[in-house]
Amino acid sequence: MTQLTDGFGRRFPYLRLSLTEACNFSCSYCLPNGYQADGRPRFLEVDEIGRLVRAFATLGMHKIRLTGGEPSLRKDLEQIIERVAGVPGIRKVAITTNGTLLPRRLPGWHLAGLTALNVSMDSLRRERFKTITGHDRLPEIQEGLALAQALGMESVKLNAVLLRGLNDDELPDWMAFLRDRPISVRFIELMRTGDNADYFERHHLRASVVVDQLLAAGWRLRPRAADAGPAREYTHPDHRGSIGVIAPYSKDFCQGCNRLRVTARGDLRLCLFGEFGVPLRPLLQHEDDRDALLARITTQLGLKAAGHGLHQGQTGLTPNLASIGG
(Lines give C-alpha, C1' and ligand atoms only; values in the text may rest on other atoms or scores of the structure.)
Protein backbone atom coordinates (compact mmCIF):
# COMPACT_ATOMS: atom_id res chain seq x y z
CA MET A 1 0.00 0.00 0.00
CA THR A 2 1.15 3.55 -0.78
CA GLN A 3 2.24 5.56 2.27
CA LEU A 4 1.82 9.33 2.35
CA THR A 5 5.23 10.84 3.10
CA ASP A 6 6.37 14.46 2.86
CA GLY A 7 9.74 15.94 1.97
CA PHE A 8 10.91 15.68 5.58
CA GLY A 9 10.24 11.95 5.89
CA ARG A 10 7.09 12.36 8.00
CA ARG A 11 4.32 9.79 7.44
CA PHE A 12 0.62 10.58 7.60
CA PRO A 13 -1.72 7.86 8.86
CA TYR A 14 -4.18 10.37 10.34
CA LEU A 15 -6.77 12.69 8.76
CA ARG A 16 -8.78 15.36 10.57
CA LEU A 17 -11.95 15.92 8.55
CA SER A 18 -14.16 18.89 9.42
CA LEU A 19 -17.89 18.33 8.84
CA THR A 20 -19.14 21.85 9.57
CA GLU A 21 -17.95 25.31 10.57
CA ALA A 22 -21.09 25.84 12.66
CA CYS A 23 -21.00 25.55 16.45
CA ASN A 24 -23.67 25.88 19.15
CA PHE A 25 -21.17 27.12 21.76
CA SER A 26 -19.61 30.57 22.06
CA CYS A 27 -16.28 29.75 23.67
CA SER A 28 -14.31 32.82 24.67
CA TYR A 29 -11.14 31.59 22.91
CA CYS A 30 -12.78 30.60 19.62
CA LEU A 31 -16.23 32.07 18.78
CA PRO A 32 -17.01 34.54 21.59
CA ASN A 33 -19.88 36.03 19.56
CA GLY A 34 -21.18 32.66 18.40
CA TYR A 35 -21.18 31.19 14.89
CA GLN A 36 -22.19 33.55 12.09
CA ALA A 37 -23.23 31.82 8.85
CA ASP A 38 -21.70 33.43 5.76
CA GLY A 39 -23.98 32.08 3.04
CA ARG A 40 -21.14 30.29 1.21
CA PRO A 41 -21.64 26.88 -0.45
CA ARG A 42 -22.81 23.98 1.70
CA PHE A 43 -20.52 21.60 3.51
CA LEU A 44 -19.36 18.26 2.09
CA GLU A 45 -22.12 15.71 1.47
CA VAL A 46 -22.03 12.05 2.54
CA ASP A 47 -21.08 10.76 -0.93
CA GLU A 48 -18.27 13.32 -1.24
CA ILE A 49 -16.98 12.33 2.20
CA GLY A 50 -17.04 8.67 1.17
CA ARG A 51 -14.94 9.32 -1.94
CA LEU A 52 -12.54 11.50 0.02
CA VAL A 53 -11.95 8.93 2.76
CA ARG A 54 -11.56 6.07 0.26
CA ALA A 55 -8.83 8.07 -1.48
CA PHE A 56 -6.94 8.76 1.75
CA ALA A 57 -7.31 5.12 2.81
CA THR A 58 -5.74 4.07 -0.50
CA LEU A 59 -2.81 6.31 0.44
CA GLY A 60 -2.31 4.51 3.75
CA MET A 61 -4.43 6.54 6.16
CA HIS A 62 -6.19 4.41 8.76
CA LYS A 63 -7.38 6.94 11.37
CA ILE A 64 -10.09 9.53 10.69
CA ARG A 65 -11.15 12.19 13.17
CA LEU A 66 -14.44 13.98 12.48
CA THR A 67 -14.33 17.57 13.72
CA GLY A 68 -16.03 20.93 13.27
CA GLY A 69 -17.18 23.48 14.42
CA GLU A 70 -19.49 21.09 16.21
CA PRO A 71 -19.93 17.90 14.13
CA SER A 72 -22.98 16.74 16.11
CA LEU A 73 -24.94 19.56 14.46
CA ARG A 74 -24.91 17.46 11.27
CA LYS A 75 -28.24 15.62 11.14
CA ASP A 76 -26.57 12.99 8.94
CA LEU A 77 -23.64 12.40 11.35
CA GLU A 78 -24.60 8.78 12.03
CA GLN A 79 -24.69 8.10 8.29
CA ILE A 80 -21.29 9.79 7.87
CA ILE A 81 -19.75 7.67 10.63
CA GLU A 82 -21.14 4.50 9.06
CA ARG A 83 -19.79 5.47 5.63
CA VAL A 84 -16.32 6.29 6.97
CA ALA A 85 -16.13 3.21 9.20
CA GLY A 86 -17.04 1.01 6.24
CA VAL A 87 -14.08 2.10 4.11
CA PRO A 88 -11.53 -0.72 3.78
CA GLY A 89 -8.35 0.13 5.67
CA ILE A 90 -9.95 2.53 8.15
CA ARG A 91 -9.33 1.16 11.64
CA LYS A 92 -10.13 4.12 13.88
CA VAL A 93 -13.04 6.54 13.59
CA ALA A 94 -12.93 9.33 16.17
CA ILE A 95 -14.99 12.43 16.81
CA THR A 96 -14.25 15.68 18.63
CA THR A 97 -17.42 17.22 20.10
CA ASN A 98 -18.57 19.56 22.82
CA GLY A 99 -20.53 16.59 24.15
CA THR A 100 -23.95 18.13 24.71
CA LEU A 101 -25.73 15.55 22.54
CA LEU A 102 -23.88 12.50 23.84
CA PRO A 103 -26.64 11.26 26.15
CA ARG A 104 -29.05 11.05 23.19
CA ARG A 105 -26.81 10.26 20.24
CA LEU A 106 -23.73 8.33 21.38
CA PRO A 107 -25.29 4.84 21.28
CA GLY A 108 -26.23 5.33 17.61
CA TRP A 109 -22.79 6.71 16.73
CA HIS A 110 -21.14 3.79 18.47
CA LEU A 111 -23.27 1.25 16.58
CA ALA A 112 -22.42 3.05 13.33
CA GLY A 113 -18.71 2.45 13.92
CA LEU A 114 -17.37 5.23 16.15
CA THR A 115 -14.35 3.93 18.08
CA ALA A 116 -12.95 7.00 19.84
CA LEU A 117 -14.43 10.02 21.53
CA ASN A 118 -12.84 13.39 22.36
CA VAL A 119 -14.93 15.85 24.36
CA SER A 120 -14.09 19.50 24.92
CA MET A 121 -14.38 20.23 28.65
CA ASP A 122 -12.42 23.30 29.68
CA SER A 123 -13.22 23.14 33.38
CA LEU A 124 -14.47 20.69 36.02
CA ARG A 125 -16.25 23.57 37.76
CA ARG A 126 -19.73 24.35 36.49
CA GLU A 127 -19.61 28.14 36.79
CA ARG A 128 -16.18 28.34 35.16
CA PHE A 129 -17.34 26.06 32.36
CA LYS A 130 -20.28 28.40 31.72
CA THR A 131 -18.00 31.46 31.76
CA ILE A 132 -15.59 29.95 29.22
CA THR A 133 -18.11 28.34 26.84
CA GLY A 134 -21.13 30.59 27.26
CA HIS A 135 -23.33 27.60 28.13
CA ASP A 136 -24.27 25.83 31.36
CA ARG A 137 -24.06 22.28 29.93
CA LEU A 138 -21.48 20.54 32.09
CA PRO A 139 -23.98 18.05 33.67
CA GLU A 140 -25.04 16.71 30.24
CA ILE A 141 -21.42 16.32 29.17
CA GLN A 142 -20.58 14.39 32.32
CA GLU A 143 -23.62 12.18 31.73
CA GLY A 144 -22.34 11.51 28.22
CA LEU A 145 -18.90 10.57 29.52
CA ALA A 146 -20.43 8.02 31.89
CA LEU A 147 -22.40 6.59 28.97
CA ALA A 148 -19.23 6.33 26.85
CA GLN A 149 -17.56 4.31 29.57
CA ALA A 150 -20.65 2.09 29.96
CA LEU A 151 -20.59 1.41 26.19
CA GLY A 152 -16.96 0.33 26.43
CA MET A 153 -15.61 2.90 23.97
CA GLU A 154 -12.02 2.09 22.92
CA SER A 155 -10.80 5.59 23.71
CA VAL A 156 -12.34 8.45 25.71
CA LYS A 157 -10.42 11.72 25.98
CA LEU A 158 -11.16 15.20 27.26
CA ASN A 159 -9.74 18.41 25.85
CA ALA A 160 -9.17 21.50 28.00
CA VAL A 161 -7.69 24.67 26.56
CA LEU A 162 -5.18 26.05 29.06
CA LEU A 163 -6.23 29.60 29.95
CA ARG A 164 -4.24 31.84 32.27
CA GLY A 165 -6.49 33.35 34.93
CA LEU A 166 -9.50 31.21 33.96
CA ASN A 167 -8.70 27.53 34.57
CA ASP A 168 -4.94 27.23 35.10
CA ASP A 169 -5.27 26.37 38.81
CA GLU A 170 -7.30 23.17 38.27
CA LEU A 171 -4.53 20.61 37.80
CA PRO A 172 -5.03 19.13 41.32
CA ASP A 173 -8.76 18.75 40.56
CA TRP A 174 -7.98 16.95 37.32
CA MET A 175 -5.54 14.61 39.04
CA ALA A 176 -8.24 13.66 41.54
CA PHE A 177 -10.74 13.20 38.70
CA LEU A 178 -8.38 10.78 36.94
CA ARG A 179 -7.53 8.65 39.95
CA ASP A 180 -10.32 6.14 39.23
CA ARG A 181 -11.29 6.99 35.65
CA PRO A 182 -9.52 5.42 32.61
CA ILE A 183 -9.76 8.68 30.67
CA SER A 184 -7.10 10.88 29.10
CA VAL A 185 -7.30 14.62 29.71
CA ARG A 186 -5.26 16.79 27.38
CA PHE A 187 -4.31 20.36 28.17
CA ILE A 188 -4.01 22.37 24.97
CA GLU A 189 -1.86 25.47 24.92
CA LEU A 190 -3.89 28.43 23.68
CA MET A 191 -2.97 29.19 20.06
CA ARG A 192 -2.96 32.55 18.37
CA THR A 193 -5.46 32.74 15.48
CA GLY A 194 -6.50 35.53 13.16
CA ASP A 195 -9.32 36.72 15.45
CA ASN A 196 -7.98 36.36 19.00
CA ALA A 197 -4.83 38.50 19.33
CA ASP A 198 -5.96 40.47 22.41
CA TYR A 199 -7.40 37.38 24.10
CA PHE A 200 -4.19 35.49 23.41
CA GLU A 201 -2.12 38.19 25.10
CA ARG A 202 -4.31 38.08 28.21
CA HIS A 203 -4.74 34.33 28.64
CA HIS A 204 -1.84 32.51 26.98
CA LEU A 205 0.12 30.26 29.34
CA ARG A 206 3.04 28.11 28.24
CA ALA A 207 2.25 24.41 28.43
CA SER A 208 5.65 23.85 30.05
CA VAL A 209 4.11 25.20 33.29
CA VAL A 210 1.78 22.16 33.40
CA VAL A 211 4.58 19.76 32.45
CA ASP A 212 6.72 21.03 35.33
CA GLN A 213 3.84 20.52 37.77
CA LEU A 214 3.18 17.00 36.46
CA LEU A 215 6.81 15.93 36.80
CA ALA A 216 6.98 17.36 40.30
CA ALA A 217 3.90 15.29 41.23
CA GLY A 218 5.45 12.05 39.98
CA TRP A 219 3.88 11.79 36.51
CA ARG A 220 6.09 10.34 33.75
CA LEU A 221 6.10 10.62 29.96
CA ARG A 222 4.63 7.69 28.00
CA PRO A 223 6.09 6.57 24.62
CA ARG A 224 4.12 7.99 21.68
CA ALA A 225 2.10 5.71 19.37
CA ALA A 226 2.72 6.03 15.61
CA ASP A 227 -0.81 7.30 14.84
CA ALA A 228 -1.22 9.34 18.01
CA GLY A 229 -2.25 12.97 17.95
CA PRO A 230 0.09 15.78 19.00
CA ALA A 231 -0.24 15.24 22.75
CA ARG A 232 2.66 14.08 24.91
CA GLU A 233 0.98 11.74 27.42
CA TYR A 234 1.93 11.46 31.09
CA THR A 235 0.92 8.64 33.45
CA HIS A 236 1.11 7.97 37.19
CA PRO A 237 1.05 4.57 38.94
CA ASP A 238 -1.66 5.75 41.34
CA HIS A 239 -4.03 7.01 38.62
CA ARG A 240 -6.10 5.06 36.09
CA GLY A 241 -6.29 8.06 33.78
CA SER A 242 -3.56 9.94 31.95
CA ILE A 243 -2.77 13.58 31.18
CA GLY A 244 -1.69 14.80 27.78
CA VAL A 245 -0.09 18.13 26.94
CA ILE A 246 -0.36 19.72 23.49
CA ALA A 247 2.29 22.42 23.24
CA PRO A 248 2.38 24.00 19.76
CA TYR A 249 4.94 26.61 20.87
CA SER A 250 7.40 24.02 22.14
CA LYS A 251 10.68 23.29 20.38
CA ASP A 252 10.40 20.72 17.55
CA PHE A 253 6.60 20.41 17.95
CA CYS A 254 6.14 19.96 14.19
CA GLN A 255 8.77 17.23 13.84
CA GLY A 256 6.23 14.60 14.86
CA CYS A 257 3.40 15.86 12.64
CA ASN A 258 1.46 12.87 11.30
CA ARG A 259 -1.88 14.36 10.25
CA LEU A 260 -3.48 16.27 7.44
CA ARG A 261 -6.71 18.26 7.47
CA VAL A 262 -9.64 18.72 5.12
CA THR A 263 -12.06 21.59 5.74
CA ALA A 264 -15.84 21.24 5.76
CA ARG A 265 -15.90 22.65 2.21
CA GLY A 266 -13.33 20.22 0.89
CA ASP A 267 -10.00 22.07 0.99
CA LEU A 268 -6.87 20.11 1.90
CA ARG A 269 -4.83 21.93 4.55
CA LEU A 270 -1.27 20.74 5.00
CA CYS A 271 -0.98 22.61 8.32
CA LEU A 272 -3.47 24.02 10.82
CA PHE A 273 -1.80 27.40 10.34
CA GLY A 274 -0.90 27.08 6.67
CA GLU A 275 -1.08 29.90 4.17
CA PHE A 276 -3.12 28.09 1.53
CA GLY A 277 -5.77 25.42 0.95
CA VAL A 278 -5.94 22.95 -1.92
CA PRO A 279 -9.46 22.42 -3.33
CA LEU A 280 -10.36 18.73 -3.48
CA ARG A 281 -14.13 19.10 -3.85
CA PRO A 282 -14.13 19.36 -7.67
CA LEU A 283 -12.58 15.88 -7.71
CA LEU A 284 -15.12 14.38 -5.30
CA GLN A 285 -18.10 14.47 -7.66
CA HIS A 286 -17.46 11.32 -9.72
CA GLU A 287 -15.64 8.03 -9.25
CA ASP A 288 -13.91 8.70 -12.57
CA ASP A 289 -11.88 11.49 -10.89
CA ARG A 290 -10.28 9.13 -8.37
CA ASP A 291 -6.85 9.01 -10.00
CA ALA A 292 -6.75 12.79 -10.34
CA LEU A 293 -7.75 13.11 -6.67
CA LEU A 294 -4.96 10.79 -5.54
CA ALA A 295 -2.46 12.68 -7.69
CA ARG A 296 -3.53 16.06 -6.28
CA ILE A 297 -3.15 14.87 -2.68
CA THR A 298 0.27 13.29 -3.16
CA THR A 299 1.62 16.18 -5.25
CA GLN A 300 0.53 18.80 -2.72
CA LEU A 301 2.11 16.92 0.17
CA GLY A 302 5.48 17.80 -1.32
CA LEU A 303 4.71 21.44 -0.44
CA LYS A 304 4.22 20.81 3.28
CA ALA A 305 6.53 23.05 5.31
CA ALA A 306 8.83 21.87 8.08
CA GLY A 307 6.81 23.78 10.70
CA HIS A 308 4.27 26.50 11.43
CA GLY A 309 4.99 30.20 11.90
CA LEU A 310 3.21 30.73 15.22
CA HIS A 311 6.37 31.93 16.93
CA GLN A 312 6.50 34.78 14.40
CA GLY A 313 2.79 35.55 14.85
CA GLN A 314 1.88 33.94 11.52
CA THR A 315 -1.59 32.40 11.89
CA GLY A 316 -2.14 31.62 8.20
CA LEU A 317 -5.69 31.23 6.90
CA THR A 318 -7.17 30.26 10.28
CA PRO A 319 -9.46 33.00 11.67
CA ASN A 320 -10.62 30.74 14.52
CA LEU A 321 -10.34 27.05 15.32
CA ALA A 322 -14.01 26.35 14.49
CA SER A 323 -13.20 27.17 10.86
CA ILE A 324 -10.93 24.13 10.45
CA GLY A 325 -11.40 21.83 13.45
CA GLY A 326 -8.32 22.54 15.53
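Helices (H or I, at least four residues) and strands (E, at least two) are DSSP runs, numbered from the N terminus. Keep that in mind as you click along. You are looking at a predicted model, in which local features need pLDDT of at least 70, side-chain atom pairs count only at pLDDT 80 or more, and totals for chains, interfaces and linings use all residues. Residue numbers start from 1 along each chain as its sequence is written, and side-chain values use heavy atoms, leaving out hydrogens and water.

**Stop one: α2 and α3**

Select residues 77-85, helix α2, together with residues 102-112, helix α3. Their axes (lines fitted to C-alpha atoms, for helices over the stretch in contact, with angles from 0 to 180 degrees between N-to-C directions) come within 8 Å and cross at roughly 20°. That angle makes α2 roughly parallel to α3; the label applies under 35 degrees, with over 145 roughly antiparallel, 65 to 115 roughly perpendicular and the rest oblique. Now show the side chains in contact (heavy atoms within 4.5 Å): α2 brings Leu77, Glu78, Ile81, Glu82 and Ala85, while α3 brings Gly108, Trp109 and Ala112. By class, this contact has five nonpolar, one polar and two charged residues. Here Ala, Val, Leu, Ile, Met, Phe, Trp, Tyr, Cys and Pro count as nonpolar, Asp, Glu, Lys and Arg as charged, and the others, Gly among them, as polar.

**Stop two: α1 and α9**

Next, pick residues 46-58 for α1 and 290-301 for α9; these helices pack at an angle of about 60°, with their axes 10 Å apart. The two are therefore oblique to each other.

Switch to the strands. Twelve of them form an open sheet of mixed pairing, in the order β7-β8-β9-β6-β5-β4-β3-β2-β1-β10-β11-β12; two strands pair if DSSP finds at least two bridges between them. At the edges, β7 (220-221) and β12 (278-279) each pair on one side only. Zoom in on β3 (residues 92-97) and β4 (residues 116-120), parallel strands joined by four bridges. Thr97 stands opposite Val119 in β4.

**Last stop: two rings in α6**

Finish at helix α6 (residues 171-178), where Trp174 and Phe177 sit three residues apart, about one turn of the helix. Their rings form an edge-to-face pair, 5.6 Å centre to centre with 85° between the planes. Rings of Phe, Tyr and Trp (its six-membered ring) pair if their centres lie within 6.5 Å, and planes under 30 degrees apart count as stacked, over 60 as edge-to-face and the rest as tilted.
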